[in-house]
Amino acid sequence: MKNLLRPYEALFNFISLNRVKNKDIDLTAIHIHLLTVLSTSVLMWLYTAIAIIYMTNPIPGLIGVVCSLVHLLSPLTFRWSKNIFLASTIALLPGIIHQTSFSCFSGGFMSSALIWYGVFPIHAGLTCGKK
């Protein structure tokens, strides 16, 4: 089990290096943000793969790649900033753009992908510590 946590621990230590030195942010906020980004990134990359493989139009696949990369890199915000709102915005905005493009190209309002719009407020509440 300890071997499974080593990559996460290394990533967390890299991201939170300046915050640990300065003691200017609760490290729990970084853990929560990192875990939610890593878990939602899996979904975003799966949707991107579906768009690239099955959709004839390349636009949702390209949007998916760009948005998934920006979303995945959002925890790096903590390395240079202690602003949880900025980190959450950098994580959520690409997710909304990606989900909107995927929904538009996979059936619009009839798409089952629209159910994920309920996740965005939960993600924002978890990472920002708000109800």
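Reader: Setting aside neighbours within four places in sequence, which residues is Phe 12 in contact with?
Author: Phe 12 is in contact with Leu 27, Ile 30, His 31 and Leu 34, once its neighbours within four places in sequence are left aside. Please note that this is a predicted model.

Reader: Where does Phe 12 lie, and is Phe 12 buried or exposed?
Author: Phe 12 lies in helix H1, which covers residues 2–15. Phe 12 has a relative accessible area of 8%, under the 20% cut-off, and is therefore buried.

Reader: Which other residues of H1 are buried, and what do they pack against?
Author: Tyr 8 and Ile 15 are buried in H1 along with Phe 12. The buried residues of H1 pack against helix H2 (17–22), H3 and helix H5 (77–80).

Reader: What is the reach of H1, from its first C-alpha to its last?
Author: H1 has 14 residues and reaches 20 Å, close to the 20 Å expected at 1.5 Å a residue.

Reader: How far apart are Phe 12 and Leu 86 in sequence and in space?
Author: Phe 12 and Leu 86 are separated by 74 residues in sequence and by 18 Å in space, C-alpha to C-alpha.

Reader: Turning to Ile 30, which helix holds it, and why does Ile 30 count as buried?
Author: Ile 30 is in helix H3. Ile 30 counts as buried because its relative accessibility is 1%, and the cut-off for burial is under 20%.

Reader: What is Ile 30 in contact with, leaving aside neighbours within four places in sequence?
Author: On that basis, Ile 30 is in contact with Phe 12, Ile 15, Ser 16, Arg 19, Ile 25 and Phe 78. Two of these names, Phe 12 and Ile 15, are also buried residues of H1.

Reader: Which residues of H3 are buried?
Author: The buried residues of H3 are Ala 29, Ile 30, His 33, Leu 34, Thr 36, Val 37, Thr 40, Ser 41, Met 44, Tyr 47, Thr 48 and Ala 51. As to their spacing, an α-helix has 3.6 residues a turn, so residues three or four places apart point the same way.

Reader: What span should H3 have, and what span is found?
Author: At 1.5 Å a residue, the 28 residues of H3 should span 40 Å, and its end C-alpha atoms are 40 Å apart, which agrees.

Reader: How do the axes of H3 and H6 cross?
Author: The axes of H3 (residues 27–54) and H6 (residues 84–105) come within 11 Å and cross at roughly 15°. That angle makes H3 roughly parallel to H6. The crossing is left-handed.

Reader: Which residues make that contact, and what classes do they belong to?
Author: From H3 the contributors include His 33, Met 44 and Tyr 47, and from H6 they include Ala 91, His 98 and Phe 102. By class, the contact of H3 with H6 has 11 nonpolar, six polar and no charged residues.

Reader: What share of the chain's residues is buried, and what share of its contacts joins residues at least 24 apart?
Author: Buried residues make up 37% of the 131 residues. Among contacts between residues at least 6 apart in sequence, 65% join residues at least 24 apart.

Definitions and conventions. Residues numbered from 1 in each chain as written. Predicted model: local features only at pLDDT ≥ 70, side-chain atom pairs only at ≥ 80, totals over all residues. Heavy atoms only, no water. Axes fitted to C-alpha atoms, helices over the stretch in contact; angles between N-to-C directions. Helix = DSSP H or I, 4+ residues; strand = E, 2+ residues; numbered from the N terminus. Parallel < 35°, antiparallel > 145°, perpendicular 65-115°, else oblique. Left-handed = near helix turned anticlockwise from the far one by under 90°. Contact = heavy atoms within 4.5 Å. Nonpolar A, V, L, I, M, F, W, Y, C, P; charged D, E, K, R; others polar. Expected span 1.5 Å × (residues − 1). Buried < 20%, exposed > 50% of the residue type's maximum accessible area, 1.4 Å probe, protein only.
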